[in-house]
Every structure is written in C-alpha cells, then in structure tokens.
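Thank you all for coming; I would like to walk you slowly through one structure this morning.

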Amino acid sequence: MKWKITTQFLIYMILSLLLSFFVFLILNFVFFFNNFGKQDRILPYQNPSTYTLDFADHIVLSDGKVTIPDARLAELEEGDIWIQVLDENGTEIYSRFKPEKVPVHYTPAQLIHYHKFTGALAKSTIFIGMLELGNRDYSYIMGFPEAVIGKATINYRTETLLRDFLIVVLTVVTVVTFIALLFGYFFSKRLAKPLVKIVDGIQHLVKGNFQHHYHPKGIYKNVFQNLNDLSRVLKVNEAERRKIEKTREEWVTNITHDIKTPLSSIKGYAELIGEYELDKTEKNRYVDIILNKSDYIHQLVDDLNITYQLKSTLFPLKRKEEDLVEIVRESIIEILNHPLYEERNIEFSTEMEQFFFSCDKTLIQRAIMNLIYNGIVHNPKDTRIKVEIKNKQGRLSIMIEDNGVGIAAEDLGNLFTRYYRGTNTGESHKGSGLGLAISKQVVEVHGGEVFVGSELGKGTRIELVFNDEKKGRDL
C-alpha cells in the first residue's frame, strides 16, 4: 500500500511540477536571465557588498602608509578575504592576504572585467570601493572566495519591464492553476472517499471510542488494518491506565496516611511544649520526637523524589571512574560506625582488590547501604550478614547474604516494588518503604542486574552483578 500511494502521488506531483517548472524557467530565460552566477551562502556577518562599502571606515592613512586595524585584519583572515588598496593610477600601495596571481596594477577595463565576472581573478568574487585619504582619491579591491560568494547578472528592457513582468506572472499563475486543478481533481477523487473514513476513524479514537472496526480493503488496506490494531492497543492501554490509576490512588492514600501519622505527633508534641510548663528533660524529649518525625517525613519525600527521577531517562548521573570494591568497603564501615549498628555482625570478603567502573558513587553507595540496612533492621540483632565480592566470569558480583528470618515466597515478587505500605513510623527501623526499589533502580540505571533468593527461617541472599571493567567505562 505504501508504495502504491507513494508511486501514484509522485507521478502526479512530478508531472505537475515539471510542467510548471519548465514553463516558468523558459519564461524567465526569455525575459530576464542572461547569465547565472553562484551565491551558495552569504558570509555570516553581513552582505558582501555592504561589508565592502563599510570597510572604507577601517582603512587609515598614517605617516604616508595605509594601515588597517588588527581586529579587522583578523576578520578578513577568518573569512578568507583579501584586500588591495590602489592609488589614482590603479597601482597597488597596500595589500593583505592577496593570492599570488593577483596583479599589482590594473587598467580601468581590467577592474570592470574582474568586478563583473565571478572567478575571473584568482577564483575570487571581486567587490570594489572608493575612499579619500589625505585629499587623494583611492580605490580598494576586496576578494571573497568564489566558493562562498558569487554574482548573477540580470538584463532587462526598461521600457517594457512592467509589461513583461505582468505577462510572466499571469502566464505562470494560469498554467500552474490549470495543471493543479486538472491533476488535483483526478487524484482527490480517487483518494478523498477512503480518507474521509480514515479521518472518521481517527475522530472515534480521539473521543475514546475503541470499539469501531473497519473492513481493510483497497489501496488503504494497511491503513485500515493499522486503525483496527491501534483501536485494540488503545483499548488495552486504557484498561492498563485505569489499573495504574487505581494503584496510584492507593499509593497516594497510603503515603498520605504515613505523612499524617508523624505530622499528628509533631503537632501534638508542639502543642504540649507551647501550652504547658515543662522541665528541661521532658521538653528535650518532646523536641527529639518532633525532630525524628520530621526526619522521617523528609526521608519519605526524598525517597519518593529519587525513585521518580531514576525512572526518568533524563535523570543526570554524575558519573566518574570509581573503584566499586572500595565503595562497598566504605559503605560497610559507615554502617558499623553508626551507634545503633556498631555491634552488628557484618563480614566482608573480596576476590578482587579493585574494579573500576563509571558510575555515580553517591547513588551506588546508597543502593548498597539500603540492601545491607534491610538485612539489619528486619532481622534479629545476632543475625550474621556476609558481604562478598567475586569475579563472576569477568563481571563483578556483590553478594549480600544473611541467616535471618527470610522472606516468604509470595512476598519475593514484590520485594523491589516501588510501593509504600502503611507502617508504624514510631519504630526506628521503619523507613519510607522505597529503599529496595531505589536500590534496584540505581543498579539497573548503571547497567547492572539484581538477583534475590530467600527462604523462611534460613535467610536472604541478594546479588548485584555489574559488567566488567572495560564495559563499565563504556556505560
């Protein structure tokens, strides 16, 4: 279908354009054109004729010598323009950037010849200006590259110019209108009817009516088939959109609930501090609670923000060449330096001393720490967490394994789901519920993969796999 429509359209349009073009071309040759020049593009600063005339202001006679400011000379050099200044006799008294074949003396006839014809002198297009220096008349030549600047000559009869112009315009308009009407009639008659159906189908889709079905036939068979396919896809997408909308509303409801809970605490304790006389110890305790609740809300909002940013392909990663082994080591040290977790049993081992990788260190470190924290806060205090780095067939494998309570099989599929579930925010180990989702997004946006396995009562194993050193640099 594509080629049928394209071929017919091209045949009609080519015939129409060719006929119109040849009529217009012949009329222009007869009445106007005598010679063609080249003018592929104009210099970036301004028109060459105007530029040449204005350049007279930059030519100065000092102590009997012609000078041009360095800034103007640099401009000439950049534009590949040369200049000659001639005295009253046509003899050169100054030049810059002049080609070797350019003469040092010109007769009036030579100046006229070179000025009229593009490329006649050193493959340059010549423009001439006049100036007065020290009560003497001088002239100057500026040569522009023929490949950049050209000239065209138009010859016409002044006494019949208006009449000839009107004849050409009327003839061209008449011929083009007739040809356009003739071919347009036959072409539109063949195409208009199915096009009306196509437009009607598009209007149905715009209005959300995805039930309409068309019988594919004729040269637009594939178009009608695509309309049917589009209706089917949009119908499925609409159902999916409603499902996502419902999930989003549930998510917003849960998030709103989790924000309201700490806000209620903040408000309550703030009112206690403001309305009652409290001793310093009690007052400080209430202030600490308010600060903790505020930190929780800040963490929730921050996690929501970063999870949506990571989902966007426009999120700017601050990539640098980093040692992933050192990042893991620093993450473990930072966790163990935390007063709440300094007694936790975290083992670290590595088969590789270094693994350089182009990544955003802050995000990678956050992902690793989220996974380790998850093993800490959801397991008893005597749980052993083992972090191991291995060379897995040229790829870096970071294994985070614990012997804790494990995860039920039905919950594994939703482990990295970006969905915040209602929790008791008063418990210190409860976070925003987005930490694991963020970790998975961070790993994947760096070209890595995440694998997880768990069994109730036996612990959980999470593995992060990154490409080898060379591929890491190329990411």
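**Salt bridges, a sheet and a buried glycine**

What we are looking at is a predicted model, and a search of the whole structure finds 15 salt bridges in it. I will pick out a few of them, and then move to the sheet.

Let me begin with Lys440 and Glu444, whose side chains meet in a salt bridge with an N to O distance of 2.4 Å. Where do Lys440 and Glu444 sit relative to each other in helix α11? They are four residues apart in that helix, which covers residues 435-445, so about one helical turn separates them. Lys440 counts as partly exposed, at 26% relative accessibility, and Glu444 is also in the partly exposed class, at 41%.

A further salt bridge links the side chains of Lys98 and Glu92, at 2.8 Å from N to O. Here Lys98 is partly exposed, with a relative accessible area of 24%, and Glu92 is partly exposed as well, with 22%.

The side chains of Lys390 and Glu388 meet in a salt bridge too, this time at 3.8 Å from N to O, and Lys390 has a relative accessible area of 34%, which makes it partly exposed.

Now to the sheet. In what order do the five strands of the open sheet lie? The order is β10-β12-β13-β15-β14, and the pairing is mixed. The edge strands are β10, residues 345-350, and β14, residues 449-455, and each of them pairs on one side only. On average, neighbouring strands of this sheet are turned by 15° against each other, if we ignore direction.

If you look at β10 and its partner β12, which spans residues 384-392, you will find that the two strands run parallel and that six bridges join them. As one example, Glu347 has Lys386 as its bridge partner in β12. Helix α8, made of residues 324-336, packs on the sheet, where it touches β10, β12, β13 and β15, and the direction of the helix makes about 165° with that of β10.

Finally, I would like to turn to a glycine in another helix. Is Gly201 buried or exposed? Gly201, which is found in helix α5, residues 161-206, counts as buried because its relative accessibility is 2%, and the cut-off for buried is under 20%. Gly201 and His213 are 12 residues apart in sequence, and in space their C-alpha atoms are 8.7 Å apart.

Key: Residues numbered from 1 in each chain as written. Predicted model: local features only at pLDDT ≥ 70, side-chain atom pairs only at ≥ 80, totals over all residues. Heavy atoms only, no water. Buried < 20%, exposed > 50% of the residue type's maximum accessible area, 1.4 Å probe, protein only. Salt bridge = Lys/Arg side-chain N within 4 Å of Asp/Glu carboxyl O. Pairing = 2+ DSSP bridges. Axes fitted to C-alpha atoms, helices over the stretch in contact; angles between N-to-C directions. Contact = heavy atoms within 4.5 Å.
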